[in-house]
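Welcome, and take a moment to look over the sequence and the fold before reading on.

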Amino acid sequence: MNVKYATISKKGRRGNNEDAFGVVELPVNKRFMGIVCDGMGGHAMGEVASETVVNIITDFWKTQANEPDSKEKVEEVCRQACAALDERSHSMGHLEMGTTMVMASIEGNRVTIAYVGDSRCYLLRPGAGLLYQTKDHVRLDFGWEVVTKCFFSYRPDVTVPDVVQYELQPADRLLLCSDGLHKSMKPDVLLSIMMDNKSLAEALDAYDSICEKQGDDNYTAILIEV
């Protein structure tokens, strides 16, 4: 199945962009993978945490291109990303740092979606609407949202990804995004832009305009069409 995609990543009203994203294109193997990570605010070096996890997972997906996608494959790469994050933390004076993660790997006509935290994946099908949306790993604590699953230095116990698989059809669209994007607009607005007949780039331009006006965080997205 052929894959088209477009990307956006901006700092918004923040001083720097702590989001990171990556794309792996392997047309010979009939594979495509996209990943978005959002460095956690309130902790040091969120941009280092997000970049570290993105690099480990994209590199793993490139070197393991012949291994079928599975829950076990995702769990293995997450263990490697946890270890790499611990090493970075150790080299920087044992800093506490963390990141959320959402990824979608397309293998033929099947997609494997995995995530920890509140970065999201949406899967839409023309004529059917929303087929799947990740459920944020968060809880309310005295009115504050607390992320319950994520990559965090020296905490492999909270890096337990949810993994689902779906069969894809032509014209299906997937959106991977950090919370800075999905929290900047109402859910029906986000979905209507995905469902519109706009090109991928035009859809991201629409998200960009809304996030610039209404957002207060970094925002990153990969919009994919098969």
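A search of the whole structure turns up 0 disulfides, where a disulfide is a pair of cysteine sulfur atoms within 2.5 Å. Cys37 takes part in none, and the nearest cysteine sulfur, that of Cys78, is 9.3 Å away. For Cys78, the closest cysteine sulfur is in Cys82 at 6.8 Å, which is too far for a bond.

A word on where these values come from: this is a predicted model, in which local features need pLDDT of at least 70 and side-chain atom pairs count only at pLDDT 80 or more, while totals for chains, interfaces and linings use all residues. Residues are numbered from 1 along each chain as its sequence is written, and side-chain values use heavy atoms, with hydrogens and water left out.

How much of a residue can be reached from outside is given as relative accessible area: buried means under 20%, exposed over 50%, and partly exposed in between (1.4 Å probe, protein chains only). The table places several residues on that scale.

| Residue | Relative accessible area | Class |
|---|---|---|
| Cys37 | 0% | buried |
| Cys78 | 2% | buried |
| Pro27 | 67% | exposed |
| Ser89 | 0% | buried |
| His94 | 47% | partly exposed |
| Tyr154 | 37% | partly exposed |
| Glu202 | 44% | partly exposed |
| Met194 | 2% | buried |

Now for the helices. Helices (H or I, at least four residues) and strands (E, at least two) are DSSP runs, numbered from the N terminus. Two packed helices are described by the angle between their axes and the distance between the axes. Axes here are lines fitted to C-alpha atoms, for helices over the stretch in contact, and angles run from 0 to 180 degrees between N-to-C directions.

How do α1 and α2 pack? Helix α1 (residues 46-63) and helix α2 (residues 71-91) meet at an angle of about 140°, and their axes are 9 Å apart. That makes α1 oblique to α2; angles under 35 degrees count as roughly parallel, over 145 as roughly antiparallel, 65 to 115 as roughly perpendicular and the rest as oblique. The crossing of α1 past α2 is right-handed, a label used when the near helix is turned clockwise from the far one by less than a right angle, with anticlockwise giving left-handed. Contact means heavy atoms within 4.5 Å. On the α1 side, the residues involved include Val48, Ile56 and Trp61, and among those they meet in α2 are Lys73, Glu76 and Arg88. By class, this contact of α1 with α2 has 12 nonpolar, 2 polar and 3 charged residues. In this count, Ala, Val, Leu, Ile, Met, Phe, Trp, Tyr, Cys and Pro are nonpolar, Asp, Glu, Lys and Arg are charged, and the others, Gly among them, are polar.

A second pair is formed by helix α4 (residues 187-195) and helix α5 (residues 200-214), which pack at an angle of about 155° with axes 9 Å apart. That makes α4 roughly antiparallel to α5. Here α4 passes α5 in a right-handed crossing. From α4 come Val189, Leu190, Ile193 and Met194, and from α5 Ala203, Ala206, Tyr207 and Ile210. The contact of α4 with α5 has 8 nonpolar residues, no polar and no charged ones.

Not counting residues up to four places away in sequence, Met194 touches Tyr122, Leu124, Arg173, Leu174, Leu175, Tyr207 and Leu223. The C-alpha atoms of Met194 and Asp38 are 156 residues apart along the chain and separated by 21 Å. In helix α5 you will find Glu202.

Which residues does Ser89 touch? Ser89 sits in helix α2, and its contacts, not counting residues up to four places away in sequence, are His94, Leu95, Met97, Ser153 and Tyr154.

Most residues other than glycine have a negative phi. His94, however, has a positive phi near 60°, and Tyr154 has a positive phi of about 65°. His94 is placed in the loop between α2 and β4 (98-107), while Tyr154 lies in the loop between β10 (151-152) and β11 (162-167).

Finally, Pro27 belongs to the loop between β2 (19-26) and β3 (31-39).
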